[in-house]
Amino acid sequence: MHISSHCFYWFFQRLIFSPFCRLFMNTSHRTFFCRQIVNQILLIGLLFVSAHLHAQKIYVYCGPGVAADSLYQLRDMLRELVPNYSLECVDSKTIFSKDWEKDASLLIVPGGADRPYAHILNGEGNRRIRAFVEGGGSYLGICAGSYYAGERIEFARGEPIEVIGDRELAFFPGLVRGPILAPFVYGSHAGVRAAELEWAVGSSDLTQRVSILYNGGGYFVDAELAPNTQVLLCYVDQSYNEDCCQSVKGEAAIIQCEVGKGIAILSAVHPEFNPYQLSAEDPFLSPLLSCLCASNHGRIELLKQLLRRLRIEVEK
């Protein structure tokens, strides 16, 4: 028996159990029954702790449309920052048929393509996700996952890859429009940029400006006016992007939405990407690495802050 069990046994026998049983049992009987009761109490305690740990789950959606690199980077980031949580990938079958909500602390929808998400999850899937958040759960949408959580999406208007339409989750009660920094190119890093962001909420513990990997994300139109919405970070003025002719000054890049009893944080950029894991041989990524690596400490601070806002206990 572990030393703490011995201490608990001694305390229970000497101070609680023995005074009541001394008159009715001999010493051997008292010792036997005391040990049995202590063992049962310890077992109940272990079961309680096990049930508590079992409830600490973070689910990451991995259905059609999810980009493999975003999924892998998320996995590595979560293992580092929240090691006390169990990480599980869930597909549409799980969303539709399992009681995943009962032990979920957070649902993450990564980057990728919004349209396949809607094709599969529209109806019952989205109803369950929204009910989970309204009931006190947390949702993190990254890039495509943030487009998907707006009331309406406007992506690459006028281009062959255009996606325009309403979305059911509607955690952000407004329009998500993009891309904003560069045209998006499927299957390529040609549209990747180092997006410079600035915190819109003050804190002495945070690096006020941080550069984060961007690839096709949008901005949350008039987010500062939307109900139950707080702008967390904005794009810094980079004048007019030569590719998009789009002003990015002050546009909302990461927002927090209050949804019933729960919280949804939507990020147009990719804070999950560790720049030290990006390929220096990639002609589109290599020019960005020095900027992204110099800002890596701020990126980790950003991630920790977002997770705490999502009610997740973060490794110190």
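Me: By class, what's in the lining of the largest pocket?
Reply: The lining of the largest pocket has 18 nonpolar, 11 polar and 4 charged residues. Nonpolar here is Ala, Val, Leu, Ile, Met, Phe, Trp, Tyr, Cys and Pro, charged is Asp, Glu, Lys and Arg, and the others, Gly among them, are polar.

Me: What sort of model is this?
Reply: It's a predicted model, with local features needing pLDDT of at least 70 and side-chain atom pairs pLDDT 80 or more, while totals for chains, interfaces and linings use all residues. Residues are numbered from 1 along each chain as its sequence is written, and side-chain values use heavy atoms, without hydrogens or water.

Me: What volume does the largest pocket have?
Reply: About 520 Å³. On a 1 Å grid over the protein atoms alone, a pocket is an open set of points with protein on both sides within 12 Å along at least five of seven lines, a cavity is a set where a 1.4 Å probe fits but cannot get out, and lining residues have an atom within 4 Å of a point.

Me: OK, cavities. How many of 30 Å³ or more?
Reply: There is 1 in the structure, with a volume of about 40 Å³ for the largest cavity.

Me: Which residues line the largest cavity?
Reply: Ser-211, Ile-212, Leu-213, Phe-273, Pro-275, Leu-278, Leu-292 and Arg-299. By class that's 6 nonpolar, 1 polar and 1 charged. Strand E9 (residues 209-214) gives the most to this lining, 3 residues.

Me: And where does E9 sit in its sheet?
Reply: The sheet is open, has 9 strands with mixed pairing, and is ordered E2-E1-E3-E4-E13-E12-E11-E8-E9. E9 is an edge strand, as is E2 (86-90), and each pairs on one side only. Two strands count as paired if DSSP finds at least two bridges between them.

Me: How many bridges join E8 to E9?
Reply: 6, with E8 (residues 193-199) and E9 running antiparallel. Ile-212, from the cavity lining, stands opposite Ala-195.

Me: What about E8 and E11?
Reply: E8 and E11 (residues 229-235) are antiparallel too, over 3 bridges. Glu-198 has Cys-234 as its bridge partner in E11, and Trp-199 has Leu-233.

Me: Switching topic: which peptide bond is cis?
Reply: The one from Gly-178 to Pro-179, with omega near -5°. Pro-179 is in the loop between E7 (172-178) and E8.

Me: Which residue has a positive phi although it's not a glycine?
Reply: Asp-222, at about 55°. You'll find Asp-222 in the loop between E10 (219-220) and E11.

Me: Last one, what's the mean pLDDT of the chain?
Reply: The mean is 85, and 78% of residues reach 70 or more. Residues 1-13 are below 50, and that stretch has 23 contacts in the model beyond near neighbours in sequence. pLDDT is the predictor's confidence in each residue, from 0 to 100, and contact means heavy atoms within 4.5 Å.

Methods. Points joined across faces, edges and corners; volume = space filled by probe spheres on them. Helix = DSSP H or I, 4+ residues; strand = E, 2+ residues; numbered from the N terminus.
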